[in-house]
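Please have the sequence and the structure open while reading.

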Amino acid sequence: MSAPENCIVTENLTHRFGSNELVVQDVNLVIPRASIYGFLGPNGAGKTTTLRLILGLLQKQQGKIYIKGMPLHKHRTLLMRSIGNLIESPSIYAHLSATENVRIQQILFGTNRKRIQQVLQLVGLEKTGSKPAGKFSLGMKQRLGIAIALLHSPEILILDEPTNGLDPNGMIEIRELLLRLHKENGMTILVSSHLLAEIEKLATHVGVIHNGILRFQGSTTELADLQRHQKGTLIATDNITLSKQIFDEQGISYHIAENVFHVSVENIQRVVELNRTLNERGVGVFKIEAQKHDIETIFMELIK
Amino acid sequence: MILQSIKSEWLKTKHSIATWLCLIGGTFIPLIFLIGMLKDHRTIDMYQGELNAWTYYFFQVWQYMQVFLLPMGLILATSLITQVEYRNNTWKTVHTTPQSYTAIFVAKFIVLLGMTGLFFLYFNATWYLSAAIPSLIFAGHFPPVDFPWNQFLTSNGKILLTCLPVLALQFLLSLHFKNFLVSIGIGLLLVVGSLILTGQWEYAYTIPYSYPALTMMGDAAQLEKIHIYAWCLGYFIVFLTFGYVLYVTRKAKG
């Protein structure tokens with residue numbers, strides 16, 4: 001049987017805390033094999049809840065979760081052999097050394113014992129000796145968490161805000177490590193973050209979640225297409241009704257957000273003409289601005 | 001897989017306070033006796049009477065341990081061992097390893113039993129030395145009376161049996177409640193409550209934490225009549241089963 005094209009798929013995944021608080025709503029994630037999927041959203045958007053559901057840490061209420069084409073609830077223990085994860089803060093035994101922490105996982109996954117030193121070297125913790133992990137800095141703990149996640153050379157790596165608490169240098173190191181794992185091992189990486197710049201430099205695919213709803217999902221190429229569609233000009237006037245009438249007459253498509261028109265005109269000459277027409281018809285224009293079309297603007301638009 | 005689960009759980013007890021508690025708790029009372037005997041130049045030969053000197057000395061040392069220190073030690077050790085995942089925020093790692101929930105539950109409980117076994121080992125070894133060393137020093141030989149192996153092993157087994165309800169209920173509480181004060185608080189209340197009621201209330205044997213004290217302080221014929229060890233086993237099975245169901249059906253696992 002050939003491996004499915006998509007590594008992780010969720011269908012109408014919905015989760016409530018208590019009876020009313022809907023934290024994840026009909027989320028249909030499609031994470032292609034060997035992709036780096038950036039799962040973006042502001043704090044409290046539902047990222048961690050979605051990841052915990054995918055890992056079986058929360059009991060599924062509604063919807064379906066498939067990993068490597070298999071339903072998670074039926075094959076949990078088998079699938080966990082293929083997944084490495086780091087959810088929220090590092091999860092390590094403070095009274096044990098880095099080696100002992102990794103050893104616990106090595107016993108459970110049955111990997112070669114030499115692998116312990118390999119992963120510790122990979123994250124630069126091979127010289128910590130018998131120092132208890134509780135005395136590590138946050139960055140070291142985070143790297144130990146990543147070493148544990150990588151120990152069994154998983155096909156899928158699920159990381160929730162892996163650069164939290166790291167200094168800029170640490171963030172770059174983690175990013176380079178993930179890129180290398182993706183490139184050399186073809187690992188599928190699902191990484192959540194509220195840091196847009198981080199994902200922009202890393203991901204091949206992006207999903208944007210806000211208030212529990214998946215607002216966008218696709219490859220970075222599709223995101224770039226969305227950026228192109230979003231191109232245009234922001235115009236603020238003192239007469240919304242008359243402005244709408246003029247745009248309609250001119251056949252210009254637009255939408256309004258916070259009393260500002262987003263019009264689908266980007267040619268400078270055409271913008272000048274439009275401004276002149278508005279003025280001639282007695283409409284005061286107090287703002288004209290080329291609409292930014294970087295990923296940050298798109299992100300802000302998506303989570304509005 | 002279960003062996004790997006037990007091995008990984010056992011590794012978690014390394015350098016832990018629970019290990020030290022087990023060592024210190026197990027050796028404390030026999031060491032006090034040893035010091036007392038050395039100070040007073042005594043040996044267990046002074047115990048003359050119906051009982052074998054070894055047996056007499058065994059119960060004398062155990063009585064201090066069994067009534068209060070043993071249940072309290074079990075409560076603390078169970079909380080320390082079981083709550084290691086809450087303390088370190090590691091349930092999410094445990095539950096994303098390729099182990100079944102049953103294997104995790106069983107492995108954790110076996111480690112708990114192993115630590116209790118180790119406690120008994122430390123106690124008995126130190127107890128033996130506390131009898132042997134003064135004899136060797138002051139009499140120049142080991143205690144001359146025969147060592148009552150049969151009675152020694154049976155008594156240890158019975159005491160261990162009285163610990164099982166405490167272990168199972170404390171395990172359930174420590175697994176279920178994140179706040180360790182809940183499990184320790186409930187355990188302490190039950191120990192103190194059963195101590196007060198033992199000897200005062202004819203149905204004290206219905207309290208699951210009363211058995212270590214009852215077997216030490218109660219009337220042996222009466223205890224036989226009420227099948228006290230069957231009560232121990234019954235409570236143990238009920239608490240362990242209930243703990244398992246609560247654990248497996250838990251909605252949030254990290």
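Two strands count as paired if DSSP finds at least two bridges between them. By that rule, strand β4 (residues 36-40) of chain A and strand β10 (residues 205-210) of chain A are a parallel pair, with four bridges. The model is predicted.

**Six-stranded sheet of chain A**

- The sheet is open and has six strands in the order β7-β8-β9-β4-β10-β11 (chain A), with mixed pairing.
- β7 (83-86) and β11 (213-219) of chain A lie at the edges and have a single partner strand each, so one side of each lacks a neighbour in the sheet.
- On average, neighbouring strands of this sheet are turned by 10 degrees against each other, direction ignored.
- Within the parallel pair of β4(A) and β10(A), Leu40(A) has Val208(A) in β10(A) as its bridge partner.
- Helix α5 (residues 138-150) of chain A packs on this sheet, where it touches β7 and β8 (156-160) of chain A.
- The direction of α5(A) makes about 165 degrees with that of β7(A).

**Four-stranded sheet of chain A**

- Another open sheet has four strands in the order β13-β14-β12-β15 (chain A), and its pairing is antiparallel.
- Its edge strands, β13 (254-257) and β15 (285-290) of chain A, each pair on one side only.
- Neighbouring strands of this sheet are turned by 25 degrees against each other on average, direction ignored.
- Strand β12 (residues 233-237) of chain A runs antiparallel to β15(A), and five bridges join the two.
- In that pair, Thr233(A) is opposite Ala290(A) of β15(A).
- Helix α10 (residues 268-280) of chain A packs on the sheet and touches β12 and β15 of chain A.
- Between the directions of α10(A) and β15(A) the angle is about 165 degrees.

**Hairpin of chain A**

- Strands β1 (residues 6-17) and β2 (residues 21-27) of chain A run antiparallel and are joined by four bridges.
- The two strands form a hairpin with three residues between them.
- In the turn, Gly18(A) has a positive phi of about 70 degrees.
- Phe17(A) is opposite Glu21(A), which belongs to β2(A).

**Contact between chain B and chain A**

- Chain B gives 30 residues to the contact and chain A gives 28 residues.
- About 2,600 Å² is buried between the two chains, and carbon and sulfur atoms give 55% of that area.
- On the chain B side, Lys92(B), Thr96(B) and Pro98(B) lose the most area to chain A, together 24% of what that side buries.
- One salt bridge is found across the interface; in it the side chain of Lys14(B) meets that of Glu100(A) at 3.0 Å, N to O.
- In chain B, the elements that give two or more residues to the side touching chain A are α1 (2-11), α4 (84-88) and α5 (91-94).
- The largest share of that side comes from α1(B), with five residues.
- By residue class, the side of chain B that touches chain A has seven nonpolar, 16 polar and seven charged residues.

Methods. Residues numbered from 1 in each chain as written. Chains lettered and ligands numbered in written order. Predicted model: local features only at pLDDT ≥ 70, side-chain atom pairs only at ≥ 80, totals over all residues. Heavy atoms only, no water. Contact = heavy atoms within 4.5 Å. Buried area = accessible area lost by both parts, 1.4 Å probe. Salt bridge = Lys/Arg side-chain N within 4 Å of Asp/Glu carboxyl O. Nonpolar A, V, L, I, M, F, W, Y, C, P; charged D, E, K, R; others polar. Axes fitted to C-alpha atoms, helices over the stretch in contact; angles between N-to-C directions.
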